[in-house]
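Here are a few exercises to work through with the model open. Try each task before you read its solution.

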Amino acid sequence: MARLRTATATSAGGIVVRYDAGRPHLVIGSRRRERDGRTWTLPKGTPKRGETTEETALREVGEETGLEVRITGPLDSIEYWFVQSGTRIHKTVHYFLMEPVGGDLTRHDREFEEVRWIGFDEASTTLTFETERALVAHAGDLLAAGAGPRPRGDAPGDSAP
């Protein structure tokens with residue numbers, strides 16, 4: 001039996017938060033993938049040469065959602081393994097709490113087929129991956145404790161959740 005090669009990979013992304021009627025909502029995106037069917041995930045991506053983790057997160061979230069965002073605080077990282085092209089990859093994804101400061105969901109790139117706002121209470125039944133569901137639950141706890149973006153009425157980024 002042949003052993004798989006191993007490699008590491010790093011990405012960065014964010015949980016973009018806005019409030020609607022006093023309730024926090026976050027942005028998720030959907031794509032079709034052969035092995036998983038349709039997946040709903042948080043926006044994230046791979047760094048370009050010379051980018052910091054924060055710069056990667058801001059760029060990738062902006063590209064994938066169409067929103068202009070700012071970081072309001074760090075979140076935990078997620079780690080997982082997967083196999084691609086005969087290589088077993090250990091991936092770490094660094095996440096940040098973010099808030100929209102402009103943009104529009106209709107400007108998202110082609111990495112996601114659909115991008116939308118959902119309530120934090122919907123994440124556990126909508127997000128595909130358990131690691132992301134757990135991260136969003138933790139972020140919801142932080143928001144309830146007063147960390148991250150504060151409710152300020154209608155925020156930029158689309159008129160309806």
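**Exercise 1.** Find which residues of the largest nonpolar core touch the most other members.

*Solution.* Start with the term: a nonpolar core is a set of buried Ala, Val, Leu, Ile, Met, Phe, Trp, Tyr and Cys residues joined through side-chain atoms within 4.5 Å, where buried means under 20% relative accessible area, exposed over 50% and partly exposed in between (1.4 Å probe, protein chains only). The largest core has 20 residues, and Ile 15, Leu 26, Leu 42, Phe 120 and Val 136 touch the most other members. Next, look at the elements: β1, β2, β5, β6 and α3 each supply at least two residues, and α3 gives the largest share, four. (Helices, H or I of at least four residues, and strands, E of at least two, are DSSP runs numbered from the N terminus.)

This is a predicted model: local features need pLDDT of at least 70, side-chain atom pairs count only at pLDDT 80 or more, and totals for chains, interfaces and linings use all residues. Residues are numbered from 1 along each chain as its sequence is written, and side-chain values use heavy atoms, leaving out hydrogens and water.

**Exercise 2.** Work out which residues belong to the second, separate core.

*Solution.* Its 13 residues include Val 27, Val 61, Met 98 and Trp 117.

**Exercise 3.** Find where the charged end of Arg 116 sits.

*Solution.* Check for a charge over a ring (NZ of Lys or CZ of Arg within 6 Å of the ring centre and within 35 degrees of the ring normal). Arg 116 has its charged end over the ring of Trp 40, 4.3 Å from the centre. Now try Arg 88: that residue lies over the face of Trp 81, at 4.1 Å from the ring centre.
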